[in-house]
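Please have the sequence and the model in view while reading.

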Amino acid sequence: MPIKFLDLAAQNQEIGARVESELQRIHDSTSYVGGPQVAEFENGFAHYLGAQYAVGVGSGTDALRLALIAAGIGPGDEVITTPMTFVATVEAIYQAGAMPVFADIDPDTGAISADAVERYIEAENFSSANGPRAILPVHLYGLPAGMGRLMEIARRHELTVIEDACQAHGARVYVDGGWKRAGTVGTMGCFSFYPGKNLGAWGEAGAIVTNDAELAERVSVLRDHGRLSHYLHRESGYNARMDTVQAAVLLAKLERLEQWNSRRRAIARRYCELLAGCGLQTPIEPEGAESCYHLFVIRSPRRDQIREALVRAEIGCGIHSPIPLHLQPACAELGYRSGDFPYSEHLAGAVISLPMHPHLTDREVSMVVDTVAMASRAQ
Ligand SMILES: Cc1ncc(COP(=O)(O)O)c(C=O)c1O
């Protein structure tokens, strides 16, 4: 039997009845955009994260773009981010009119290195008029970046911090003497609810979370054509609203998120135990960081052989991502070259993601491990 990388059908079986009753409400109200479920989900998600406000938008990319614009980041400003992320992180910076600047990753966690960020800032060799105005850390694969140090650097240099939490629903990080959810530490946190995420919709959706009332108001106006009331537009905005069907699905799945994340964490522990001694590197959680294991990513110099063996055994796998952003054609105008970010380049050449979803059975985990272990040891 093939082993799925991700099993959305199994999720649907759990939430089917709840979604059906929400869809009936939408059918009856015909409020397809901005229906009551959007606000219900926003409130529920903010409460779950321990944030004051959540604003539903059309996608994670919308969330990042609107967060940057609301923070006043635009032409002439640099935003420091990581080359090891999905291209949307950088697209949002471009779309806000700002310039992305990369800092290499911490080789152990894969997240942006606070040391590299600090080195860039202190070298003062900026390419844009205003220099850096924001740091955009990405909680890669569900593991929170080192937020304590990043926040401290941001405070010292008066930079905004916008978290890309698109892969980190429910992950936790210890900062300022307490545990917080990823996405609630910086000025704003951005989430994607793309279907395969830990909290995934049945289409495109995203959210911005913040504790700042003014920013929450600004992004809610921006997402809806700059509208203050139906025919009154304060500014030129965007069509970046969350539709009601997505909110209905997310409301149902939000109730399961904690349970699904703890199953993901149990699967990750099992993978780590069984893969120990196989000559590959399993993900780590540094002290003060708790991953929600959106992806379970191992590293091996024999990555390609492992992938071939998994494909042959009909086991789903993925490579997230084989090309770091500074080497993508989409970022060519930034002028980076191979060798500029060696840790990112090394990671991109070694990673492979194994099946990870809350409905994966222990037996399936053992079968994946057997295949990986054999391919990892074979000469
Ligand atoms: C790290 C990261 N940032 C941003 C995004 C963009 O989210 P969306 O696809 O919802 O626009 C994603 C989505 O995969 C992501 O993984």
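## Ligand surroundings

A side-chain N or O atom of serine 192 lies 2.7 Å from an oxygen atom of the ligand; a polar contact is a pair of N or O atoms within 3.5 Å, and within protein one must be able to donate a hydrogen and the other to accept it, with residues adjacent in sequence counted only if both atoms are side-chain atoms. Lysine 197 likewise places a polar side-chain atom 2.7 Å from a ligand oxygen atom.

The ligand has 14 residues around it, of which Gly60, Thr61, Asp164, Ser192 and Lys197 come nearest. A residue counts as near if one of its heavy atoms lies within 4 Å of the molecule or strand in question.

## Basis of the model

The model is predicted: local features need pLDDT of at least 70 and side-chain atom pairs count only at pLDDT 80 or more, while totals for chains, interfaces and linings use all residues. Residues are numbered from 1 along each chain as its sequence is written, and side-chain values use heavy atoms, with hydrogens and water left out.

## Helix 3 and helix 4

Helices (H or I, at least four residues) and strands (E, at least two) are DSSP runs numbered from the N terminus. Helix 3 (residues 60-70) packs against helix 4 (residues 88-95) at an angle of about 40 degrees, and their axes are 8 Å apart. Axes are lines fitted to C-alpha atoms, for helices over the stretch in contact, and angles run from 0 to 180 degrees between N-to-C directions.

Helix 3 contributes Thr61, Leu64, Arg65 and Leu68 to the contact, and helix 4 contributes Ala88, Thr89, Glu91, Ala92, Ile93 and Gln95; contact means heavy atoms within 4.5 Å.

## Helix 1 and helix 8

Helix 1 (residues 8-29) and helix 8 (residues 244-254) have axes that come within 8 Å and cross at roughly 135 degrees. Helix 1 is therefore oblique to helix 8; angles under 35 degrees count as roughly parallel, over 145 as roughly antiparallel, 65 to 115 as roughly perpendicular and the rest as oblique.

In this pair, Gln11, Ile15, Arg18, Val19, Glu22, Leu23 and Ile26 of helix 1 meet Thr244, Val245, Ala248, Val249, Leu251, Ala252 and Lys253 of helix 8.

## Helix 10 and helix 12

Helix 10 (residues 303-312) and helix 12 (residues 362-377) pack at about 140 degrees, with axes 9 Å apart. These two helices are therefore oblique to each other. Gln305, Ile306, Ala309 and Leu310 of helix 10 touch Val368, Thr371, Val372, Ala375 and Ser376 of helix 12.

## Backbone features in loops

Histidine 320 and serine 321 are joined by a cis peptide bond, with omega about -5 degrees. Serine 321 belongs to the loop between helix 10 and helix 11 (342-350).

Tyrosine 141 is not a glycine, yet has a positive phi of about 65 degrees. Tyrosine 141 is placed in the loop between strand 4 (132-136) and helix 6 (147-157).
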